Amino acid sequence: MRAVLSIGSNLGDRLAHLQSVVDGLGARVRAVSPVYETDAWGGVDQGAFLNAVLIAADPGYDGHGWLRHGQALEAAAERVREVHWGPRTLDVDVISCYGDDDAELHCREADLTLPHPYAHQRAFVLVPWLAADPDATLSGRSVADLLAGIDSAERDGVRRTDLVLAT
């Protein structure tokens, strides 16, 4: 199963936290976006995030497998969940999963909703995803079209950096 993972960090060594996800996924990583800096989203006063999107694949994983792996990587980065949408060392969100036939997985459970219910509204997810996969689709719509529907100020707030995640 192929997964789209959005990763972000705004505490500590932000780039090292993002790199820990790439390292933790290892050979599962199929594509890595450039690294972007974005202002925090969600109304909590905090520092800017570094964000990226990874495309990963593993036939042994389903949506919950990707979720568990992401949560283990967050725990290794000492992620603390004190404030909803608050500052964090590492955030790993499973945005979407696709089967071998490229069919998008749909899941509505207490611990996992796929595709991610807010991904289509978040430029900090769509901009790097489009960079990693220019043909990406989410819920049957092109990511490029979804991004075009987001306010230009929010799109412009996703600033590409010179930082690189090594695969």
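**Contacts and burial in a predicted model**

Apart from neighbours within four places in sequence, Gly47 is in contact with Asn10 and Ala40, where contact means heavy atoms within 4.5 Å. The model is predicted: local features need pLDDT of at least 70 and side-chain atom pairs count only at pLDDT 80 or more, while totals for chains, interfaces and linings use all residues. Residues are numbered from 1 along each chain as its sequence is written, and side-chain values use heavy atoms, with hydrogens and water left out.

Gly47 is placed in the loop between β3 and β4 (49-57). Helices (H or I, at least four residues) and strands (E, at least two) are DSSP runs, numbered from the N terminus. Gly47 counts as partly exposed because its relative accessibility is 39%; buried means under 20% relative accessible area, exposed over 50%, and partly exposed in between (1.4 Å probe, protein chains only). From C-alpha to C-alpha, Gly47 and Arg88 are 9.9 Å apart in space, and they are 41 residues apart in sequence.

Ser33 is found in the loop between β2 (29-32) and β3 (36-38). With a relative accessibility of 4%, Ser33 counts as buried. A polar atom of the Ser33 side chain lies 2.9 Å from the backbone nitrogen of Val53. Leaving aside neighbours within four places in sequence, Ser33 is in contact with Ala52, Val53, Pro128 and Ala132.

Pro128 and Ala132 are among the buried residues of α3. Eight of the ten residues of helix α3 (residues 123-132) are buried, so this helix is largely enclosed by the rest of the structure.

Val94 is found in strand β5 (residues 91-98). This residue is buried, with a relative accessible area of 6%. Not counting residues up to four places away in sequence, Val94 touches Val4, Leu5, Trp66, Leu67, Leu114 and His116. Val94 and His64 are 30 residues apart in sequence and 9.2 Å apart in space, C-alpha to C-alpha.

Trp66 also takes part in the meeting of two helices: Ser20, Val21, Gly24 and Leu25 in α1 meet Trp66, His69 and Leu73 in α2. The residues of this contact comprise four nonpolar, three polar and no charged; Ala, Val, Leu, Ile, Met, Phe, Trp, Tyr, Cys and Pro count as nonpolar, Asp, Glu, Lys and Arg as charged, and the others, Gly among them, as polar.

Technical notes. Polar contact = N/O pair within 3.5 Å; in protein donor to acceptor, adjacent residues only side chain to side chain.
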